[in-house]
Amino acid sequence: MEAKRANPRRRILLARIAIWVVGLAPPIWLTTALFRRTLGINPVETIILVEGRWTLVFLLATLAVTPIRRLTGWNRIVQLRRLLGLFAFFHACVHFLSYVGINHLFELSIIVEDVLERRYITAGFTALLLLVPLAVTSTKGWIRRLGKRWQRLHRLSYVAASLGVLHFYWKVKADTFWPLLAAVTLAGLFAVRLAYRKKRSRRRKEH
Amino acid sequence: MIIRIRKNSDVPSSEITPEQVYINRRKFLGTSAGIGVATFLGAGRAHAAPQDEEPNTWEEITSYNNFYEFGTGKEDPAKNAPDRLITDPWTVKVDGLCNNPADYHLEDFIKPSTIEDRTYRLRCVEAWSMVVPWRGFPLADVIKRAEPTAAARYVAFETLWDPEQMPERNWRPRIDWPYREGLRLDEAMHPLSLLVTGLYGRDLPAQNGAPLRLAVPWKYGFKSIKSIVRISFTEDQPPTTWATQTPREYGFYSNVNPDVDHPRWSQKTERRIDSGRLFGSRRIDTQFLNGYADEVAHLYEGMDLRKNF
């Protein structure tokens, strides 16, 4: 009995370690590759692209937690959600700061023009702004303080992810394969959530 | 052998342009002679190239390319094209509104012209740029040989399209191949318009558009079509790949212009590739007509370049 109970806890611990490793690896790898000059001919572009992709991966992973829980019954997976979400925010910040700092050298007028006039940047920037309150309120204290409102607030993660995917889709020139795959994944995750919600409300009505 | 005797009255428009072009050409040869044949650069004129405008390295030029037939990643063409693209034998078809349509073996196509080295700026529509020491010959040579008829007003170009050689996965949303580009006849006749056969004095690598590509240095890079198999003379403005794919973003002219932004990004500055730097490049201001305004601005006199972007 004791061993059985320890197992799931170990599984979460291992998953946590894996998330930390995967989450920190891209910026560490990018930095070393930058100094070793192995980032290709346009490192700025590579850094921004790679960090943008990892932002989406972590956003989708965060949003996959509940659907996976529903489909597999692995309830403890919820314990991973905050870490995944914070890594999504972390990569979004690295992505944005690379764009602001090394792409535009903190040239504010260009950045403001981009954010206001280029729709793909408007979408991406809005997504980042939406992630800020979610990251801030991810602590236990805020969860307690906000109570039911916390869940409602954190539904914004779906809006942020949708805007992130749109940002990606609007950015590419012709090969829309990856943005569309991201969109389909997001829609799939949302569909699973809705399906279970309907089931639950139907069950409630029956009782 | 057919000898065409032309009446005085039927001077094709293509013959009117060359005169002006010839005058410009002499001017152009005169100024560049002092600088040396190998470093043209558009230097020595009003829009002189800054002192630090050194050619990009072979490595930079040949490993960062847009050649979607070989993949959409910048490194894909260098990975895929050299092993797949068959450049020998290579045939170039010249057809449309001209007196001398023909299919040429590449060798015969190049032979009559004098090959020269010219270093041009290359400004990609994606806002990065390089300085490239091309080797080639004036596009005007080919046009004169073809003798476009009086009705011809445009030149259309086509890239090879062979799915066997080009691994573009056709289940993805894709471009309507073959890749097509075009120029107005006077643009094509301009002495700066170069048919390129080499780079740094060597044969052109596959990823750069071997064995024959265009270099039109005052226009965004995608106008400089790669791996050309067909050159046609037309009366109407020919459809071009990017302007057809996304007409809101890419026009037929696509002249480099810092005052006309791409809908999704600014064209005021560019990232000059420079692998000597930590971040691999430096931001510089984009010049009107990529710094070739003195040579080509007259082609667009009276035109609204915002509308004709």
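Strand β4 of chain B, residues 128-138, is mostly covered, with 9 of its 11 residues buried. Buried here means 20 or more other C-beta atoms within 10 Å of the residue's own, with C-beta atoms placed from the backbone. Strands are DSSP runs of E, at least two residues, and helices are runs of H or I, at least four residues, numbered from the N terminus.

A word on the source. This is a predicted model, where local features need pLDDT of at least 70 and side-chain atom pairs count only at pLDDT 80 or more, while totals for chains, interfaces and linings use all residues. Residues are numbered from 1 along each chain as its sequence is written, and chains are lettered from A and ligands numbered from 1 in the order in which they are written.

Now the partners of β4(B); two strands pair if DSSP finds at least two bridges between them. With β3(B), residues 116-123, the pairing is antiparallel over 8 bridges, and B:R121 sits opposite B:V131. These two strands make a hairpin with 4 residues between them. In that turn, B:A127 has a positive phi of about 75°.

β7(B), residues 194-199, is also antiparallel to β4(B), over 5 bridges; there B:L194 is the bridge partner of B:P138. With β11(B), residues 269-273, the sense is parallel, over 2 bridges, and B:S129 is bridged to B:R272.

β11 brings us to the chain contact. Counting C-beta atoms within 7 Å, placed from the backbone, the contact takes 23 residues from chain B and 16 residues from chain A. On the chain B side, the elements giving two or more residues are α2 (58-63), β11 and β12 (281-285).

Notes
A residue is buried if 20 or more other C-beta atoms lie within 10 Å of its own, exposed if 12 or fewer, and partly exposed in between; C-beta atoms are placed from the backbone. Two residues are in contact if their C-beta atoms, placed from the backbone, lie within 7 Å.
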